[in-house]
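Reader: I've got this model open on my screen and I'd like a close look at a single part. Could you walk me through it, and then link it to whatever sits beside it?

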Amino acid sequence: MLIIPLAFMACSGVQKPTHTLADPSASAKTQDLYSRVWQLARKGVMFGHQDDLAYGVGWSAPNGKSDVFAVCADYPAVFGWDLGHLELGSTHNLDSVPFIGMAKFAIMVDSMGGINTFSWHCDNPLTGGSTWDIGTPGVVSSILPGGVKHQEYNLWLDRLADFFSSLLDSKGDAIPVIFRPFHEQSGSWFWWGYNHCASNEFIELWQYTFKYLTETKRVNNLIYSFSTAGIPEHSSEFSDRYPGDEYVDMVGVDLYQMPEQQNSDFASTLARNLNIITQFAASRGKLPAITEIGFEQIPYPTWWTEVFYPSVKDFSISYALFWRNAFNRPNHYYAPYPGQASEEDFKAFYSLPETLFLKDIAK
Ligand code: BMA
């Protein structure tokens, strides 16, 4: 791990955070979590897993079950969730997770000392199609102020605000969570993607969303994460849609190993991406993360210690969120489960002092 500057400095005997959140009204608990994540990034990389408690390979509707726990007797440090379809008023998200259960899990994670991050695969507000419906131009402009779907977008944000505000700890304080909307904006597979809106429209959408949640709805328990898709070779540019330092707390990249991709190629691609992301984050005073990652089915038994870990170990990255272990989509999994080919290697990966799981951070 490279050493990054201290997250705290002494000032008249009082510990003051040097990294303040973009939301000027962020709650004390949210600021505390942000400072804590900065500190943890100096110790190692936190392991994260999407929908870890909600389902896994061959099971769903659990009782504290987890594929990761079944392998290493510890939970991830970071838990990913997705809000897709909350905007519609649905009871379940696009991957069949009930929102009531998701809220309970998130509160439980917080009480155990873990960290929650939320993405949002929201439907297409103009066509009513899915998040991947990219056939119709002008979707982003339709929800900005003056657009035909603007009021509907406000309703969507009202529903998100209600959900975030319902995440209360035992004292009645809203638990802080990482919010990662409009992810992979540099790709063009979502309606907010690169070829479907201009940079200024994307930035306006982000800033509008930030202001509506923080100011209009007074949702002040969010840490805002801006995440790009994998950065193409020969390009050091990923930031033309960066919404601005006043609107962002974390910057990250989503990167997957493709089925036909050699380990060595993925390892060098990951290291190149992390070099760009960590340098950009450092120049802005933001916290870097691997906001999504994985190799579907983890076909190489020693992938964890021989491919993933060597590629990240020299970077000060706060966390790496591995994607979901689907219960209803065969072979769609990114973390091991008992009997999976990489199980033993994952245990070795777990034992490395610089890989952080729940027990490591819940002190
Ligand atoms: C994708 C896949 C889909 C899922 C979506 C949102 O990468 O896992 O099956 O619906 O993420 O979670």
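This is a predicted model: local features need pLDDT of at least 70, side-chain atom pairs count only at pLDDT 80 or more; totals for chains, interfaces and linings use all residues.

Author: Let's start with β8, α6 and β9, which make a right-handed β-α-β unit. Right-handed here says that, with the strands pointing away from you, the path from the first strand over the helix to the second runs clockwise. Residues are numbered from 1 along each chain as its sequence is written, and side-chain values use heavy atoms, with hydrogens and water left out.

Now β8 itself. Val-177 and Phe-179 point one way from the strand, Ile-178 and Arg-180 point the other way, and all are buried (under 20% relative accessible area; exposed is over 50%, partly exposed in between, with a 1.4 Å probe and protein chains only).

Strands count as paired if DSSP finds at least two bridges between them. Phe-179 is a handy landmark: Phe-118 stands opposite Phe-179, and Phe-179 also stands opposite Tyr-224 in β9.

Between β8 (177-180) and α6 (199-216) there is a loop, and that's where you'll find His-196. His-196 counts as partly exposed because its relative accessibility is 22%. Leaving out residues up to four places away in sequence, His-196 touches Ile-134, Ser-188, Phe-190 and Trp-191, where contact means heavy atoms within 4.5 Å. Ile-134 is 62 residues apart from His-196 along the chain, yet their C-alpha atoms are separated by 7.4 Å.

Carry on from β9 (residues 222-229) and you reach β10, which runs parallel to β9 and is joined to it by five bridges. Ser-225 stands opposite Met-250 of β10. Strand β10 (residues 250-257) is mostly covered, with eight of its eight residues buried. On one side you have Met-250, Gly-252, Asp-254 and Tyr-256, and on the other Val-251, Val-253, Leu-255 and Gln-257.

Next along is β11 (residues 287-295), which pairs with β10 in the parallel sense over eight bridges. Here Asp-254 has Glu-292 of β11 as its bridge partner.

Last, the ligand. Around it are Leu-94, Asp-95, His-121, Trp-132, Trp-323, Arg-324, Arg-329 and His-332, each with a heavy atom within 4 Å of it. Polar side-chain atoms lie 2.7 Å from a ligand oxygen for Arg-324 and 2.8 Å from one for Arg-329. For His-332, a side-chain N or O atom is 2.6 Å from a ligand oxygen. Taken alone the ligand exposes 310 Å², and the protein buries 82% of that (Shrake-Rupley areas with a 1.4 Å probe).

Definitions and conventions
Helices (H or I, at least four residues) and strands (E, at least two) are DSSP runs, numbered from the N terminus. A polar contact is a pair of N or O atoms within 3.5 Å; within protein, one must be able to donate a hydrogen and the other to accept it, and residues adjacent in sequence count only if both atoms are side-chain atoms.
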